[in-house]
Structure formats: structure tokens, C-alpha cells
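Subject: Structure handover and findings

Hello,

Here is the structure for your files.

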Number of protein chains: 2
Amino acid sequence: MSYLPHPPSDQIELAAVLEALSDPTRLGIVIDLADRKTEWEARCGEFSHLGSKTNLTYHFAKLRAAGVTHARAEGTSRFISLRREDLDARFPGLLDTVIKAARSAARKREPASGRAVRKAAR
Amino acid sequence: MSYLPHPPSDQIELAAVLEALSDPTRLGIVIDLADRKTEWEARCGEFSHLGSKTNLTYHFAKLRAAGVTHARAEGTSRFISLRREDLDARFPGLLDTVIKAARSAARKREPASGRAVRKAAR
DNA sequence: CCGTAAGTTCAAAATCTATTGAACTATTGA
DNA sequence: TCAATAGTTCAATAGATTTTGAACTTACGG
């Protein structure tokens with residue numbers, strides 16, 4: 001798999017996006033990214049509760065290759081963000097409905113105050 | 001895989017739905033179902049352009065197991081329909097945005113008059 | 001320069017998914 | 001009853017995805 005390139009927004013494929021979002025680890029990454037309100041970038045290391053470093057590299061690459069996330073290198077870190085505008089231009093509403101669906105699903109699984117509980121679990 | 005049972009609507013899992021929708025054959029089935037305006041059921045046999053009988057049985061089972069479709073037996077036929085209300089209750093807007101996205105993707109691939117061309121290709 | 005921290009790469013293994021063909025069941029119509 | 005139709009089941013295969021560990025690169029601080 002080639003690692004750093006991002007697909008241009010008009011070449012993002014629906015099936016690839018859905019496949020990227022259909023894995024629990026990657027869905028976890030995406031809703032964690034979506035949960036950040038003001039600043040929207042995250043260091044890869046902040047997702048260590050979702051898997052090993054090696055494995056996360058793999059999942060980040062899939063999300064990036066599918067056009068779901070953007071990655072930027074700075075020093076020895078990578079900063080990840082959702083490609084909201086690009087996705088919304090190509091498939092209007094899709095990312096938002098998936099994020100909302102994922103949040104409501106998470107709420108049902110963990111009835112006691114989603115965000116706080118997720119933080120504590122790290 | 002267990003074949004006829006359908007999950008109750010409150011047990012439909014997001015990851016399973018997205019995974020079901022992330023395969024081109026199954027996405028094809030879903031948009032074909034969505035393209036029917038008045039009557040909403042289809043015989044399995046109407047999808048033979050999308051794969052072999054055996055293979056379609058497999059894909060129909062996946063869609064059904066994920067909660068995306070409903071299957072009803074009548075004689076030797078099965079009638080398939082989308083579980084629109086159930087999906088919409090659980091994940092509002094999701095099915096519609098995916099269908100719209102799939103249609104716009106199909107339109108870009110086949111620029112000459114989507115529906116007519118699809119019919120002719122059978 | 002040295003050590004550490006953040007991620008990547010590669011190859012192997014483990015696990016899933018999709019596809020096929022042959023044999024099967026169940027229903028229908030003649 | 002017979003043959004045909006519609007779809008299922010099963011086992012085998014091919015192929016793709018996920019996961020892991022060890023070795024690696026690159027940047028940063030002291």
C-alpha cells in the first residue's frame with residue numbers, strides 16, 4: 001500500500017469510503033476525530049487505545065487511501081483530520097449521517113455519558 | 001450463515017450495514033431496489049445480471065443479516081425489499097444518503113442517461 | 001553525538017470474504 | 001407423476017483484510 005498520497009476529492013469512491021467506515025477500529029478513529037469541537041487535527045498517538053502502533057498505521061493508511069482523512073507530517077508526528085468538505089462535496093450528507101449513526105450506536109452501548117466514559121477508558 | 005432470520009430493527013449494527021453496503025454487487029442490488037418507484041419488492045431472479053444464482057444467494061443473505069433488506073418466500077420465489085423504515089428509525093438519513101451517493105457515482109461512470117442504459121444492459 | 005519518541009515498513013500468520021460447481025429442496029404447471 | 005423453475009446448501013478455493021513483531025527511519029532534546 002502506498003502511504004502518503006491522498007486521492008483528489010473528485011476521485012473518492014463510495015465503496016471505498018463505506019468499506020473504510022465499516023471497520024470498528026476505523027469508525028472509532030473517525031468518531032474520535034469528529035468529537036473534537038474546536039481544533040480538528042489529532043496526533044496518531046492519541047488513538048493508542050484503539051490498537052497497536054503498527055496496526056493503527058495500517059488503519060490510518062486505509063482511511064487516507066479511501067479519502068476519509070487527511071494526514072500531515074510535522075516533525076516525527078502525523079496530524080490527522082477528517083476531509084469533511086471534500087466528502088461533503090462528493091457525497092452530500094454521508095459523513096454526517098454516519099457520524100450521527102455511530103454516535104447514537106455508541107450511546108446505546110455505553111449508556112453512562114459517552115465522552116467522559118471514553119476518556120476514562122484510555 | 002443462518003439464512004432466513006432478520007435482525008429486529010433495534011439490533012441492526014452500523015458497522016454491519018456499512019459493510020453490507022461496501023460491496024459493489026450488494027450496492028447494485030440496493031440501488032436497483034431503490035430505483036423501483038411504486039412497487040418495492042423484487043424477485044431474486046431479477047438481479048441475475050449482477051452475478052450467479054449461488055453468489056447472489058450469498059449476497060442476499062449478507063444484506064438480510066445486516067438488516068438492510070427483508071426477504072419473503074412465496075412459492076419457489078423470494079421477494080426482496082429494502083427495510084427503509086427500520087433503517088431510518090435506527091440510523092436516520094443513512095440509507096437515503098448512501099443511495100443518493102451511489103446514484104451520483106453511477107451517473108458519473110455512465111454519463112448517458114442512467115436508467116435507460118442500466119435497463120438495456122440486462 | 002546519543003538516546004528517545006513517533007511512526008513506518010516488511011514479511012508472516014491468522015482470519016475473513018467472495019466465488020464457484022455440484023447436489024439438493026420445494027413448488028408449480030402440464 | 002414428471003419436468004422445469006427458483007433458490008438453497010455445502011465444500012472447496014481463491015483472494016483480500018487484519019494483526020503481529022522485529023527492524024527501520026526521522027526528528028528532537030540534551
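The notes below cover confidence, the two copies, their contact, and then the fold of each chain.

This is a predicted model, in which local features need pLDDT of at least 70, side-chain atom pairs count only at pLDDT 80 or more, and totals for chains, interfaces and linings use all residues. Residues are numbered from 1 along each chain as its sequence is written, while chains are lettered from A and ligands numbered from 1 in the order in which they are written.

**Confidence**

pLDDT is the predictor's confidence in each residue, from 0 to 100. Chain A averages 86. In that chain, 82% of the residues score at least 70. Among the elements of chain A, helix α3(A) has the highest mean pLDDT, at 97. Helix α6 (residues 114-121) of chain A has the lowest, at 37. Over residues 113-122 of chain A the pLDDT is below 50. Beyond near neighbours in sequence, that stretch has 7 contacts in the model. Where pLDDT is low, the predicted coordinates should not be read in detail.

Helices and strands here are DSSP runs numbered from the N terminus: H or I with at least four residues for helices, E with at least two for strands.

**Two copies**

Chain B can be laid on chain A with an RMSD of 0.1 Å. The same surface serves both copies, since 100% of the contact residues of chain B recur in chain A. The superposition is by least squares on the C-alpha atoms of residues with pLDDT of at least 70 in both copies. Two residues count as in contact if their C-beta atoms, placed from the backbone, lie within 7 Å.

**The contact between chains**

How many residues does each chain bring to the contact? Chain B gives 16 residues and chain A gives 16 residues. On chain B, α1 (14-21), α2 (24-35) and α5 (94-109) each supply at least two residues of the side that touches chain A. α5(B) gives the most, with 6 residues. By class, this side of chain B has 12 nonpolar, 3 polar and 1 charged residues. For the classes, Ala, Val, Leu, Ile, Met, Phe, Trp, Tyr, Cys and Pro count as nonpolar, Asp, Glu, Lys and Arg as charged, and the others, Gly among them, as polar.

**Chain A**

Start with the helix pair. The axes of α2 (residues 24-35) and α3 (residues 53-66) of chain A come within 10 Å and cross at roughly 70°. α2(A) and α3(A) are therefore roughly perpendicular to each other (65 to 115 degrees). Axes are lines fitted to C-alpha atoms, for helices over the stretch in contact, and angles run from 0 to 180 degrees between N-to-C directions. Thr25(A), Arg26(A) and Ile29(A) in α2(A) meet His59(A), Lys62(A) and Leu63(A) in α3(A). That contact has 2 nonpolar, 2 polar and 2 charged residues.

Next, the sheet. It is open, with 3 strands in the order β1-β3-β2 of chain A and antiparallel pairing. β1 (42-43) and β2 (69-74) of chain A stand at the edges, each with a single partner strand, so one side of each is left without a neighbour in the sheet. Strands pair if DSSP finds at least two bridges between them. β2(A) and β3 (residues 77-82) of chain A are joined by 6 bridges. Within this pair, Thr69(A) has Leu82(A) in β3(A) as its bridge partner. α2(A) packs on the sheet and touches β1 and β3 of chain A, at about 80° to the direction of β3(A). α3(A) lies across β2 and β3 of chain A, at about 120° to β2(A).

**Chain B**

Here are some details from the sheet. In chain B, β2 (residues 69-74) and β3 (residues 77-82) run antiparallel, joined by 6 bridges. Ala71(B) has Ile80(B) in β3(B) as its bridge partner. The hairpin of β2(B) and β3(B) has 2 residues between the strands. Gly75(B), in that hairpin, takes a positive phi near 65°. β1(B) and β3(B) pair in the antiparallel sense over 2 bridges. Arg43(B) stands opposite Phe79(B) in β3(B).

Best wishes

Technical notes
Parallel < 35°, antiparallel > 145°, perpendicular 65-115°, else oblique.
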